Amino acid sequence: MRRLRKLRPLSIFLRLLLAAIFLYASIGKIQHPADFASIVRDYNLLPASLTNLTAIILPWLEFVLGVLLLWGTWQEGTLLLVNLLLIIFWSALVCNYVRGVDISCGCFSTKASGASGMLWYLVRDGFFMLASLLAGILHIKNGKDFAIKQLLQSNQSQPGM
């Protein structure tokens, strides 16, 4: 158990890294939903009727999950949803890679970049997925990590503040 406590900073780092990834990934998609819908359509995994709905809801879900990871609220549920999303994202990339389709990932940009290397996307998103799985495992083993809300609450409870 003592050794796991030494890994607490890693757990916090991974959670904050995932927060930054999800927040950064959501911004362009929120600003340009039509462009993101085009990327979602290019994956050819959803029925056309769900493309626009996905392009509107998914970026906001990423944004909310990023904020929750950063804030440190509902960590168990947030890490579970982040892991599920990253597994789905990675699986979608694998599916297109196996089919020989080289598309713009849409992870951090809504601009169609053409054939920019599905293998790179697979490796990068695989790293994100492994980091998220490790964050979840460490959280389960370590219990609650540092959260910004705890820092704010401790500052408010100090006399003279």
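**Overview**

Along the sequence, the protein has the pattern α-α-α-α-α-α-α. Its secondary structure amounts to seven helices and zero strands; helices (H or I, at least four residues) and strands (E, at least two) are DSSP runs, numbered from the N terminus. This is a predicted model, in which local features need pLDDT of at least 70 and side-chain atom pairs count only at pLDDT 80 or more, while totals for chains, interfaces and linings use all residues. Residues are numbered from 1 along each chain as its sequence is written, and side-chain values use heavy atoms, with hydrogens and water left out.

**Whole protein**

- The protein has 161 residues, of which 39% count as buried; buried means under 20% relative accessible area, exposed over 50%, and partly exposed in between (1.4 Å probe, protein chains only).
- The accessible surface is about 9,500 Å², and carbon and sulfur atoms account for 70% of this surface; the areas come from the Shrake-Rupley method with a 1.4 Å probe, and for residues only the protein chains shown count as cover.
- Of the contacts between residues at least 6 apart in sequence, 72% join residues at least 24 apart, where contact means heavy atoms within 4.5 Å.

**The largest pocket**

- The largest pocket holds about 560 Å³ of space.
- Its lining has 27 residues, and those closest to the centre are Phe36, Leu58, Ile88, Phe89 and Ala92.
- Two or more lining residues come from each of helix H2 (8–31), helix H3 (33–42), helix H4 (48–71), helix H5 (75–99) and helix H6 (118–142).
- H5 contributes the most to this lining, with six residues.
- By type, the lining divides into 22 nonpolar, two polar and three charged residues; Ala, Val, Leu, Ile, Met, Phe, Trp, Tyr, Cys and Pro count as nonpolar, Asp, Glu, Lys and Arg as charged, and the others, Gly among them, as polar.
- A pocket is an open set of points on a 1 Å grid over the protein atoms alone, where a 1.4 Å probe fits, with protein on both sides within 12 Å along at least five of seven lines; lining residues have an atom within 4 Å of a point.
- Grid points are joined across faces, edges and corners, and a volume is the space filled by probe spheres set on the points.

**Met129**

- Met129 lies in helix H6 and is buried, at a relative accessible area of 12%.
- Apart from neighbours within four places in sequence, Met129 is in contact with Asn83, Leu86, Ile87 and Trp90.
- The C-alpha atoms of Met129 and Leu84 are 9.1 Å apart, although 45 residues separate the two along the chain.

**Aromatic rings**

- There are four aromatic pairs in the structure; rings of Phe, Tyr and Trp (its six-membered ring) pair if their centres lie within 6.5 Å, and planes under 30 degrees apart count as stacked, over 60 as edge-to-face and the rest as tilted.
- The ring centres of Tyr24 and Phe108 are 5.6 Å apart with planes at 35°, so this pair is tilted.
- Tyr24 is in helix H2 and Phe108 in the loop between H5 and H6, 84 residues apart.
- Tyr24 is exposed at 55% relative accessible area, whereas Phe108 is partly exposed at 27%.
- Phe108 and Phe128 have ring centres 6.1 Å apart and planes at 85°, so they form an edge-to-face pair.
- Phe128 belongs to helix H6, 20 residues from Phe108, and is buried at 11% relative accessibility.
- Ring pairs join Tyr24, Phe108, Phe127 and Phe128 in a cluster.
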